[in-house]
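Keep the picture beside you as you read.

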Amino acid sequence: MKLFHGWLSSASRRVRLCLAEKGIDYESVPVDLAAQEHHSPAFLAMNPNGVVPALVLDDGRFLYESSTLCEYLDETFPTPSLRPADAYVRAQMRNFVRWTDDHALPHLLILNWSLALQPVASQWSDDALATRLARIPTATRREAWLRIARKPYTDDEKRHALESLLALMPKMETSLVNHPWLMGDDYSLADIAAVPFVARIAELAPQALTPAVSDWWRRIQDRPAFALANIHSFNAALQARSAMVQ
Ligand SMILES: N[C@@H](CCC(=O)N[C@@H](CS)C(=O)NCC(=O)O)C(=O)O
């Protein structure tokens, strides 16, 4: 299989973690988001939403949406299982993952893009920007790129985004005070879904990590899959990138 992904992308980090937990071999194809490689016709043929990640299966078919990819991988490579055996708990796992998709990712986007993409996008000429925006398949992401290029998110918007992201803490704390993992005694796709967000909160507002979440975060980093998935510090990666450019 081939995974098209971004090293710093939260959705891609999830899928790399899932592949690593299962010990699945795959070809890694990093996508340069700042160069908008994910809006090329070749990428859009794999994922019409124009976002990473996308997975190319061994038979050449494509799959996208990180939560769908993780469930697909868990069904086709059943060991170790990453979905609760009980149907009710499995449904709760899916609702948690959906919550992170709907309520955590849009806020993290504001914070991450302001750091990683704004310095590049703000340099584009009006003509270049118009051409680039025209390639973006969804209105929400077209608006986000326009914001980054021309109307940067304000400090108030960033503060609100961080506060909203932190709503993840009480949600996780409630589960983790009684169990080692979000869905109980077994590590699951819910834990995988939360990792990229907690990794960023640990960098942006480490004091906001609640006690049980801090313990969970240590357990996560101790798992061999964490190192294999290359979930490096976002800040360090950006500094390394700007050192290369200068
Ligand atoms: N719901 C999608 C979200 C994917 C997503 O938003 N990917 C981001 C990186 S985390 C991306 O490709 N951003 C670039 C863009 O929107 O142009 C998933 O879980 O796969």
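## Where α1 meets α10

In this predicted model, helix α1 touches helix α10 through S10, R13, R14, L17, C18 and E21. On the α10 side, the partners are L189, I192, A193, V195, P196, F197 and A199. Sorted by class, the residues of this contact are 9 nonpolar, 1 polar and 3 charged.

How do the two helices lie against each other? Helix α1, which covers residues 10-22, packs on α10 at an angle of about 135°, and the two axes are 9 Å apart. That angle makes α1 oblique to α10. The crossing of the pair is right-handed.

## Where α4 meets α10

Helix α10 (residues 189-204) also packs with helix α4 (residues 87-116). Here the angle is about 30° and the axes are 10 Å apart. Angles under 35 degrees count as roughly parallel, so α4 is roughly parallel to α10. This crossing is left-handed.

Which residues make the contact? From α4 come M93, F96, V97, T100, A104, L105, L108, L111, N112 and L115. They meet L189, A190, A193, A194, F197, R200 and L204 of α10. By class, the residues of this contact divide into 14 nonpolar, 2 polar and 1 charged.

Is R98 buried or exposed? With a relative accessible area of 55%, R98 is exposed, because the mark for exposed is over 50%.

Now turn to helix α6, residues 126-134, where L129, R132 and L133 are buried. Looking down the axis of α6, you would see its buried residues fall within an arc of 100°, so they line one face of the helix.

What do the buried residues of α6 pack against? Their partner is α7, which spans 139-150. The face of α6 turned away from the buried side carries the exposed residues D127 and A134.

P53 sits in the loop between α2 (41-46) and β3 (54-56). The bond from T79 to P80 is also cis, with omega near -10°, and P80 belongs to the loop between α3 (66-76) and α4.

Two residues to look up for their phi values are Q36 and N230. Q36 is not a glycine, yet its phi is positive, at about 55°. You can find Q36 in the loop between β2 (27-30) and α2. Its relative accessibility is 3%, so Q36 counts as buried.

N230, another residue other than glycine, has a positive phi near 55°. Its place is the loop between α12 (224-228) and α13 (234-245). At 27% relative accessibility, N230 counts as partly exposed.

Key:
Residues numbered from 1 in each chain as written. Predicted model: local features only at pLDDT ≥ 70, side-chain atom pairs only at ≥ 80, totals over all residues. Heavy atoms only, no water. Buried < 20%, exposed > 50% of the residue type's maximum accessible area, 1.4 Å probe, protein only. Helix = DSSP H or I, 4+ residues; strand = E, 2+ residues; numbered from the N terminus. Arc of directions from axis to C-beta. Contact = heavy atoms within 4.5 Å. Axes fitted to C-alpha atoms, helices over the stretch in contact; angles between N-to-C directions. Parallel < 35°, antiparallel > 145°, perpendicular 65-115°, else oblique. Left-handed = near helix turned anticlockwise from the far one by under 90°. Nonpolar A, V, L, I, M, F, W, Y, C, P; charged D, E, K, R; others polar.
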